[in-house]
Number of protein chains: 6
Amino acid sequence: MSTVIYPGSFDPITLGHIDIISRASRMFDKVIVAVLKNSTKKPFFSIDERIELIKESLTDIKNIEIDSFDGLLADYVNKKGATTVVRGLRAMSDFEYEFQMALTNKHLNPEVETIFLTSSSEYMYLSSGMVRQVAELGGDITGFVPEIVKNKILEKLFKG
Amino acid sequence: MSTVIYPGSFDPITLGHIDIISRASRMFDKVIVAVLKNSTKKPFFSIDERIELIKESLTDIKNIEIDSFDGLLADYVNKKGATTVVRGLRAMSDFEYEFQMALTNKHLNPEVETIFLTSSSEYMYLSSGMVRQVAELGGDITGFVPEIVKNKILEKLFKG
Amino acid sequence: MSTVIYPGSFDPITLGHIDIISRASRMFDKVIVAVLKNSTKKPFFSIDERIELIKESLTDIKNIEIDSFDGLLADYVNKKGATTVVRGLRAMSDFEYEFQMALTNKHLNPEVETIFLTSSSEYMYLSSGMVRQVAELGGDITGFVPEIVKNKILEKLFKG
Amino acid sequence: MSTVIYPGSFDPITLGHIDIISRASRMFDKVIVAVLKNSTKKPFFSIDERIELIKESLTDIKNIEIDSFDGLLADYVNKKGATTVVRGLRAMSDFEYEFQMALTNKHLNPEVETIFLTSSSEYMYLSSGMVRQVAELGGDITGFVPEIVKNKILEKLFKG
Amino acid sequence: MSTVIYPGSFDPITLGHIDIISRASRMFDKVIVAVLKNSTKKPFFSIDERIELIKESLTDIKNIEIDSFDGLLADYVNKKGATTVVRGLRAMSDFEYEFQMALTNKHLNPEVETIFLTSSSEYMYLSSGMVRQVAELGGDITGFVPEIVKNKILEKLFKG
Amino acid sequence: MSTVIYPGSFDPITLGHIDIISRASRMFDKVIVAVLKNSTKKPFFSIDERIELIKESLTDIKNIEIDSFDGLLADYVNKKGATTVVRGLRAMSDFEYEFQMALTNKHLNPEVETIFLTSSSEYMYLSSGMVRQVAELGGDITGFVPEIVKNKILEKLFKG
């Protein structure tokens with residue numbers, strides 16, 4: 001069975017992420033969406049909130065597992081019995097960073113392969129950071145994130 | 001009447017900014033230089049100081065208005081009755097970020113167009129951040145900023 | 001009156017070109033679509049055919065003039081009494097070339113300004129060359145070019 | 001069964017290609033190495049020679065099929081009952097072109113996915129064109145191509 | 001005598017740095033490895049620790065001097081009676097930043113030349129920051145840094 | 001004695017080339033300007049004309065030798081008893097190609113080092129091809145090439 005890991009911060013999950021997950025789920029038997037617990041950066045949503053939002057945004061896709069991890073991605077891939085990591089490439093600016101990560105992970109664990117999917121052109125400029133920034137400035141984020149994520153962001157920002 | 005917005009931090013205004021403003025002022029009826037009030041980053045100069053330095057650096061250009069804004073650029077453009085944003089492109093590193101911003105603004109307000117002018121080659125490597133850094137290390141910033149801005153920087157750095 | 005020049009080969013005109021022309025026509029009083037007579041490259045469509053296809057594709061836009069030119073763009077801009085050139089930026093690969101052209105034109109004629117509009121994201125990967133290549137291999141080019149251009153391409157390719 | 005297509009000119013196959021094929025063959029059930037018959041460019045090796053060299057270079061990999069195609073890749077993928085194309089990314093210069101191809105193929109056939117593998121760092125600067133050029137100038141191409149390909153190149157160049 | 005400066009943070013020195021130093025030492029009479037005292041960023045290793053690690057990693061190279069500096073690089077180059085700065089280019093992402101630095105230094109001191117060496121392909125993705133990050137997450141950094149540096153990092157991380 | 005090779009087509013030599021040669025001549029004992037005899041591309045100026053124009057453009061620089069070569073650069077470097085190649089980097093678009101060449105040359109002859117100088121900002125967009133193209137279209141190439149090269153180009157273009 002071919003299992004791939006799709007790691008990320010997902011703070012929050014965007015329509016761009018969902019596009020990648022949904023395409024990967026048609027190519028592989030199972031996609032593990034793996035939320036990074038990054039202790040050094042203060043997140044907008046907690047790990048539990050992020051996992052909950054991913055779950056509610058992906059009810060239509062059956063062959064996925066939602067999980068979280070910390071430490072080295074190369075070790076996590078190993079632990080899950082997978083060998084392949086999936087990443088979306090949004091635009092050229094992503095490329096160098098992703099390349100470096102892929103080579104580093106391969107150095108740490110030569111079994112780990114990274115494959116890249118190109119973002120669909122309508123999501124090519126979309127990032128979680130940009131979504132948060134637009135929302136904080138009072139902009140409309142419909143079309144960037146699922147309805148449920150939008151409501152949760154607005155709740156956190158303006159009803160806290 | 002064609003009015004364009006030239007938004008930025010201008011912390012401080014450089015000869016590169018002045019080059020863009022002066023060229024835009026020959027192409028459009030009116031250029032609004034719009035200083036971003038960014039509450040999350042601690043600026044070197046206050047909003048009022050930045051506006052004052054812009055004013056004193058641009059006495060030769062008549063068809064400009066100097067203003068400040070916060071919130072979404074797309075909303076500010078609307079509020080001023082403009083539809084066009086002007087940005088300078090210094091080098092390839094600017095490009096991806098500027099592209100993302102332009103597409104995001106268009107998504108938020110489909111009326112908003114962004115047009116880009118290329119930096120003149122002598123200012124291609126010039127940025128406000130680099131100017132501040134060189135000044136802090138005691139380097140000569142003549143040729144980077146107007147005389148009046150240079151004096152104000154030195155005053156703030158070494159006479160405080 | 002603000003007049004801008006939109007130069008190109010337009011062999012053939014694509015929906016990406018039409019997007020740029022239509023947006024420029026809302027920002028300036030007049031847009032001159034200037035078809036380059038390049039004597040060194042063998043074109044797919046003749047100059048006259050290309051002009052005809054542009055005309056039939058742009059019947060909805062009133063403030064345009066369709067023209068052809070050879071020689072230096074900087075001279076042509078001068079001759080038409082304009083000072084501004086408009087170019088679309090499709091993606092990073094365009095950028096360096098466009099930058100070099102803009103700086104060269106400014107060196108040749110310091111009056112000439114080039115302004116860039118970003119391609120809409122759905123046309124970001126679209127080029128005349130790619131359209132010709134897909135059509136030659138029997139692919140469907142609906143969604144790349146106007147209906148009239150598509151028919152003309154198929155006629156030229158398969159009824160000649 | 002997951003089948004992927006690895007299309008290319010392979011004129012000649014290099015160690016970089018073999019690295020990608022071998023890694024893809026561990027990730028998917030079957031890899032079809034598809035040699036493009038490009039009628040417009042004069043190749044160094046004929047289609048038959050290229051297929052023969054690929055065969056002899058890949059005797060260790062079992063789950064591959066070697067084939068040739070012309071016309072649209074999107075149609076070929078369809079015809080083979082596959083949905084996924086594999087491409088190697090050597091360095092940033094490849095990226096824009098590959099991105100455009102991936103988006104074009106997806107437009108032509110929304111079923112077609114392209115996935116990218118990063119070249120291993122030792123092959124990052126390796127291309128068939130460079131191999132041919134070095135060989136023509138009398139340089140040693142050991143370490144660039146398999147022994148059998150090297151001999152065939154030298155034979156063609158110097159014993160013809 | 002040709003003396004060149006190789007400036008950097010070296011926090012810690014990696015095999016990529018050593019590759020550049022060793023190649024520069026064969027091209028020039030003397031290489032000064034100049035460790036930047038950056039008061040604004042909290043370093044992993046102190047200046048003294050970094051200098052010590054560089055010394056112990058470079059015992060095989062004779063024509064080097066190890067030093068530290070603060071303030072402007074352009075001034076430091078002057079002070080040492082040198083005119084040339086050496087930098088390694090790892091990948092395209094370095095390029096723009098390095099270019100800007102080289103042009104800025106030349107503006108500040110027209111005597112200062114910057115020359116670039118390309119990283120060897122096996123170190124092309126290697127950076128001090130990545131080494132620290134991998135080590136902190138418990139990954140094996142053999143092959144990234146000299147044995148002595150690796151031990152010192154582990155000591156600092158896990159025996160403190 | 002430190003000898004470096006500056007290889008190129010120099011068809012014709014531009015002020016950008018002269019800037020690099022003059023800066024390299026201050027850093028090394030001797031600079032060999034090596035004109036590539038490329039038998040596959042039809043040049044604008046013959047090898048002899050190009051060498052003559054370089055000679056007449058560089059009368060002020062003493063420590064140079066002007067030569068021509070064909071075959072592999074790596075072999076030529078060897079033959080001249082040098083180990084270092086100098087190249088100018090005009091802008092990001094040069095970078096990938098130059099990187100590939102440097103790595104290939106190093107693979108062919110591990111002794112060969114390539115060092116890069118950044119173009120001065122006023123020559124950053126200047127290339128021999130662009131100079132030829134502007135001249136052919138009747139544009140003024142003063143400021144792109146030395147007076148003597150300009151006259152020779154005009155003579156060849158319009159008095160032939």
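Analyst: Contact means heavy atoms within 4.5 Å. This is a predicted model: local features need pLDDT of at least 70, side-chain atom pairs count only at pLDDT 80 or more, and totals for chains, interfaces and linings use all residues. Residues are numbered from 1 along each chain as its sequence is written, chains are lettered from A and ligands numbered from 1 in the order in which they are written, and side-chain values use heavy atoms, leaving out hydrogens and water.

User: At what angle to S2(E) does helix H2 of chain E run?

Analyst: Helices (H or I, at least four residues) and strands (E, at least two) are DSSP runs numbered from the N terminus. Helix H2 (residues 47-57) of chain E lies across strand S2 (30-36) and S3 of chain E. Axes are lines fitted to C-alpha atoms, for helices over the stretch in contact, and angles run from 0 to 180 degrees between N-to-C directions. Against S2(E), the helix runs at about 150 degrees.

User: Which strands does helix H2 of chain F touch?

Analyst: Helix H2 (residues 47-57) of chain F packs on the sheet. Its direction makes about 150 degrees with that of S2(F). The strands it touches are S2 (30-36) and S3 of chain F.

User: Which are the edge strands of the 10-strand sheet?

Analyst: The sheet is open, with mixed pairing and the order S3(E)-S2(E)-S1(E)-S4(E)-S5(E)-S5(F)-S4(F)-S1(F)-S2(F)-S3(F). Strands pair if DSSP finds at least two bridges between them. An edge strand pairs on one side only. Here these are strand S3 (64-69) of chain E and strand S3 (64-69) of chain F.

User: By how many degrees are neighbouring strands of this sheet turned against each other on average?

Analyst: Direction is ignored for this angle.

User: Which residue of S4(E) stands opposite Ile5(E)?

Analyst: S1(E) runs parallel to strand S4 (residues 84-89) of chain E, and two bridges join them. Opposite Ile5(E) stands Val85(E).

User: Phe10(B) has a positive phi; is its side of the story buried or exposed?

Analyst: Most residues other than glycine have a negative phi. Phe10(B) is not a glycine, yet its phi is about 50 degrees. It sits in the loop between strand S1 (3-8) and helix H1 (15-27) of chain B.

User: What is the relative accessible area of Phe10(E)?

Analyst: Phe10(E) also has a positive phi of about 50 degrees. Its place is the loop between strand S1 (3-8) and helix H1 (15-27) of chain E. Phe10(E) is buried, at 3%.

User: Is the peptide bond from Asp11(A) to Pro12(A) cis or trans?

Analyst: Pro12(A) lies in the loop between strand S1 (3-8) and helix H1 (15-27) of chain A. Omega from Asp11(A) to Pro12(A) is near 5 degrees. That bond is cis.

User: Which helices do the buried residues of H6(C) pack against?

Analyst: In H6(C), Val149(C), Lys150(C) and Ile153(C) are buried. They lie on the same side of H6(C), because they cover an arc of only 100 degrees around the axis, taken from the directions from the helix axis to the C-beta atoms. They pack against helix H2 (47-57) and helix H5 (128-136) of chain C.

User: How far apart are the nearest C-alpha atoms of chain B and chain D?

Analyst: Chain B and chain D do not touch. Their nearest C-alpha atoms are apart by 13 Å.

Note on methods:
Buried < 20%, exposed > 50% of the residue type's maximum accessible area, 1.4 Å probe, protein only.
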